[in-house]
Amino acid sequence: SQVDAAAVSSQLIRLAAATDRGQRATPEQRMEANRLIAELESIPETEREAGELEGEWKLIYATEAVYRSSPFFAAFRNLAQGMTTTVRPSNSASNTLADAIFAITDGLPFKDVGLARQSINAESLVSQIQLSITVFDAPFPRSSSLMTTTAAVLPRGSATVPLRTQLRVEKTQVLQSSIAMIVPALKLDELAFPTSSVFEGFRAGSADVTMETSYLSHDLRISRYDAGNPFVWVRCGPEEAPIVIPSGGGRGM
């Protein structure tokens, strides 16, 4: 029978809101979300509403930590491919180095992950995630920043379903840091980690990531990095403040 894309999308959006973007989902709720995602992905291309990948998007659901919606972490997984560790955290998905580091990061206390958004055009994808950290409330105020990763859109890909977009992760910056506002001389906004050159120096091709978009309508998309876990995004409304786009190349770290 034909899938009602609007109804399934609405169910998925409601489930995402009720589970804090999937971060507090029960096993049953994760199964339901996976079922709804699979239903949308099963809709034949000829029956889909036309949608544009370009624009600004907001993450509403993830099966893993929200911050890993940034392509930086897919590139890091490429960099660490084949590396394992004998010290495996209890919450690690495997004994790979990438999963162990992700597990440690996931378990850090005092952190809060806010909005995760992306701005996509024909030349680049900018990922921006709001982070805030509290160490000790009294002597140290809450620190906030925008973790911003810029990836180039490479001139190759596929217009078929899933829509494949080739990315090269170029740099990662910390923008609008509250620490930089207190101590302007640090000029943190001008610093940029040269992801592409550093990663490529260790492993050729590790900075290149394939983003597969398996469902795309005007208002909702489902994308994965390198055929990994799904991330569900909705298009940002005109009333939402635009993503802060990094200016210039930034100073190397």
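Predicted model: local features only at pLDDT ≥ 70, side-chain atom pairs only at ≥ 80, totals over all residues.
Residues are numbered from 1 along each chain as its sequence is written, and side-chain values use heavy atoms, leaving out hydrogens and water.

The protein has six helices and 10 strands. These are DSSP runs numbered from the N terminus: helices are H or I with at least four residues, strands are E with at least two. Of the 253 residues, 45% are buried. Buried means under 20% relative accessible area, exposed means over 50%, and partly exposed lies in between (1.4 Å probe, protein chains only).

**Contacts overall**
- Contact means heavy atoms within 4.5 Å.
- Take the contacts between residues at least 6 apart in sequence: 64% of them join residues at least 24 apart.

**Helices α1 and α2**
- Helix α1 (residues 5-18) packs with helix α2 (residues 27-41) at an angle of about 150°, and their axes are 10 Å apart.
- That angle makes α1 roughly antiparallel to α2.
- Angles over 145 degrees count as roughly antiparallel, under 35 as roughly parallel, 65 to 115 as roughly perpendicular, and the rest as oblique.
- Axes are lines fitted to C-alpha atoms, for helices over the stretch in contact, and angles run from 0 to 180 degrees between N-to-C directions.
- On the α1 side, the residues that meet α2 include Val8, Leu12 and Leu15.
- Their partners in α2 include Ala33, Leu36, Ile37 and Leu40.

**Helix α6**
- The buried residues of α6 (residues 195-202) are Thr195, Ser196 and Phe199.
- They lie on the same side of α6, because they cover an arc of only 90° around the axis.
- The arc is that of the directions from the helix axis to the C-beta atoms.
- An α-helix has 3.6 residues a turn, so residues three or four places apart point the same way.
- Elements covering these buried residues include α3 (71-79) and β5 (163-175).

**Aromatic pairs**
- The whole structure holds seven aromatic pairs.
- Rings of Phe, Tyr and Trp (its six-membered ring) pair if their centres lie within 6.5 Å; planes under 30 degrees apart are stacked, over 60 edge-to-face, and the rest tilted.
- Phe72 and Phe73 pair edge-to-face, at 5.2 Å centre to centre and 85° between the planes.
- Phe72 is buried at 17% relative accessibility, and Phe73 is buried at 12%.
- Phe72 also forms a tilted pair with Phe199, at 5.6 Å centre to centre and 50° between the planes.
- That pair links distant parts of the chain: Phe72 is in α3 and Phe199 in α6, 127 residues apart.
- Ring pairs join Tyr67, Phe72, Phe73, Phe76, Phe193 and Phe199 into a cluster.

**Ser70**
- Ser70 sits in the loop between β1 (55-62) and α3.
- Ser70 is buried, with a relative accessible area of 1%.
- Leaving aside neighbours within four places in sequence, Ser70 contacts Ser127, Ile129, Met147, Thr149 and Tyr225.
- The C-alpha atoms of Ser70 and Ser127 are separated by 5.7 Å, though the two residues are 57 apart along the chain.

- Asp20 is not a glycine, yet has a positive phi of about 55°.
- Asp20 lies in the loop between α1 and α2 and is partly exposed at 31% relative accessibility.
- Ala227 has a positive phi near 60°.
- Ala227 lies in the loop between β8 (220-225) and β9 (231-235) and is exposed at 55% relative accessibility.
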